[in-house]
Amino acid sequence: MGLMIRSSAIHAAGCYTTTPIRKGVRVAEYTGYRMTKDEADKGYEDSPVTYLFGLGDGTTVIDGHSAAMFVNHSCAANCETEEIDGRVYIVALCNIAAGEEITYDYCLYDGGEDEAICNCGAKKCRGTMYSPEEIKRRKAVARKAAKKRNNKSSGNADKRRKSQG
Ligand SMILES: [Zn+2]
């Protein structure tokens with residue numbers, strides 16, 4: 001299987017396949033330095049761009065350092081992520097033709113001020129890379145914030161992270 005990083009219409013650089021990929025095949029593993037959620041929050045407090053992937057245990061974060069970190073988000077993705085024994089794989093949701101860009105749904109969570117606007121161009125684009133649950137959570141937070149407008153509140157310093165759908 002050949003993966004290639006080149007500029008993408010969705011965002012900056014993207015990950016493309018040079019060979020056809022069959023549905024269900026593991027395309028890549030999301031590898032990188034593993035740290036705790038707290039370490040990631042501290043280390044990336046002021047970083048606008050991060051390649052963090054939060055594991056299902058809620059405490060471990062992978063700081064991407066391989067081709068998988070360049071895979072862009074799409075609301076109509078051709079891949080999904082699968083966590084097996086603490087390892088994260090990008091798996092094809094359908095047959096993918098040679099030359100296509102590899103995408104998966106980031107399902108971002110723990111968002112701060114960032115709107116995480118999506119430019120995937122899909123018909124059913126959510127307009128944001130946040131997960132549907134996170135969109136609900138953010139709306140609720142915004143409603144509370146509107147009620148407490150006069151009270152000072154500390155901002156959510158959490159960096160957004162990718163997670164399984
Ligand atoms: Zn989208």
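The following questions and answers concern a predicted model of a single chain.

User: What pattern do the helices and strands follow along the sequence?
Analyst: The predicted chain contains two helices and ten strands. Read along the sequence, these elements give the pattern β-β-β-β-α-β-β-β-β-β-β-α.

User: What is the radius of gyration of the chain, and what does the globule rule give for 165 residues?
Analyst: The C-alpha trace spans about 55 × 35 × 25 Å along its principal axes. For 165 residues the globule rule gives 15 Å, and the value for the chain is close to this, so the chain is as compact as a globular protein of that length. The radius of gyration of the chain is 17 Å.

User: Among contacts between residues at least 6 apart in sequence, what percentage join residues at least 24 apart?
Analyst: Buried residues make up 30% of the 165 residues in the chain. Among the contacts between residues at least 6 apart in sequence, the share that joins residues at least 24 apart is 68%.

User: Which element gives the most to the largest nonpolar core?
Analyst: This core has 24 residues, of which Val-27, Val-71, Cys-79, Ile-90 and Ile-102 touch the most other members. Two or more residues come from each of β2 (13-17), β3 (26-29), β5 (52-54), β6 (60-64), β9 (87-92) and β10 (101-104). The element that gives the most, with three residues, is β9.

User: Which residues does Ile-102 touch, not counting those up to four places away in sequence?
Analyst: Ile-102 is among the residues that touch the most other members of the largest nonpolar core. With residues up to four places away in sequence left out, Ile-102 touches Cys-15, Tyr-16, Thr-17, Val-27, Val-71, Asn-78, Cys-79 and Ile-90.

User: How many residues form the other core, which includes Tyr-106 and Cys-107?
Analyst: Another core lies apart from the largest one, and among its residues are Tyr-106, Cys-107, Cys-118 and Tyr-130. The number of residues in this other core is seven.

User: Which residue stands opposite Ile-90 of β9?
Analyst: Strands of a sheet pair through backbone hydrogen bonds, either parallel or antiparallel. β3 and β9 run antiparallel and are joined by three bridges. The residue that stands opposite Ile-90 is Ala-28.

User: Which residue in the hairpin of β8 and β9 takes a positive phi?
Analyst: β8 (residues 79-84) and β9 run antiparallel and are joined by six bridges, and Glu-83 has Val-88 of β9 as its bridge partner. Two residues lie between the strands of this hairpin. The residue with a positive phi, near 50°, is Asp-85.

User: Which strands stand at the edges of the open sheet of three strands?
Analyst: The sheet has the order β4-β6-β5 with antiparallel pairing. Each edge strand has a single partner strand, so one side of each is left without a neighbour in the sheet. Neighbouring strands are turned by 30° against each other on average, direction ignored. The edge strands are β4 (32-36) and β5.

User: Which residue of β6 stands opposite Leu-52?
Analyst: β5 and β6 pair in the antiparallel sense over three bridges, with Phe-53 and Ile-62 as bridge partners. β4 and β6 pair in the antiparallel sense over five bridges, and there Tyr-33 stands opposite Asp-63. In β6, the residue opposite Leu-52 is Asp-63.

User: Is Cys-107 buried or exposed?
Analyst: Cys-107 is in the loop between β10 and α2 and has a positive phi near 50°. With 20 other C-beta atoms within 10 Å, Cys-107 is buried.

User: How many residues of α2 are buried?
Analyst: Helix α2 (residues 132-147) should span 22 Å at 1.5 Å a residue, and its end C-alpha atoms are 23 Å apart, which agrees. The helix lies largely in the open, because the number buried among its 16 residues is zero.

Conventions:
Residues are numbered from 1 along each chain as its sequence is written. This is a predicted model: local features need pLDDT of at least 70, side-chain atom pairs count only at pLDDT 80 or more; totals for chains, interfaces and linings use all residues. Helices (H or I, at least four residues) and strands (E, at least two) are DSSP runs, numbered from the N terminus. The radius of gyration is taken over C-alpha atoms; the globule rule is 2.2 Å times the number of residues to the power 0.38. A residue is buried if 20 or more other C-beta atoms lie within 10 Å of its own, exposed if 12 or fewer, and partly exposed in between; C-beta atoms are placed from the backbone. Two residues are in contact if their C-beta atoms, placed from the backbone, lie within 7 Å. A nonpolar core is a set of buried Ala, Val, Leu, Ile, Met, Phe, Trp, Tyr and Cys residues joined through C-beta atoms within 7 Å. Two strands pair if DSSP finds at least two bridges between them. The expected span of a helix is 1.5 Å times one less than its number of residues. Axes are lines fitted to C-alpha atoms, for helices over the stretch in contact, and angles run from 0 to 180 degrees between N-to-C directions.
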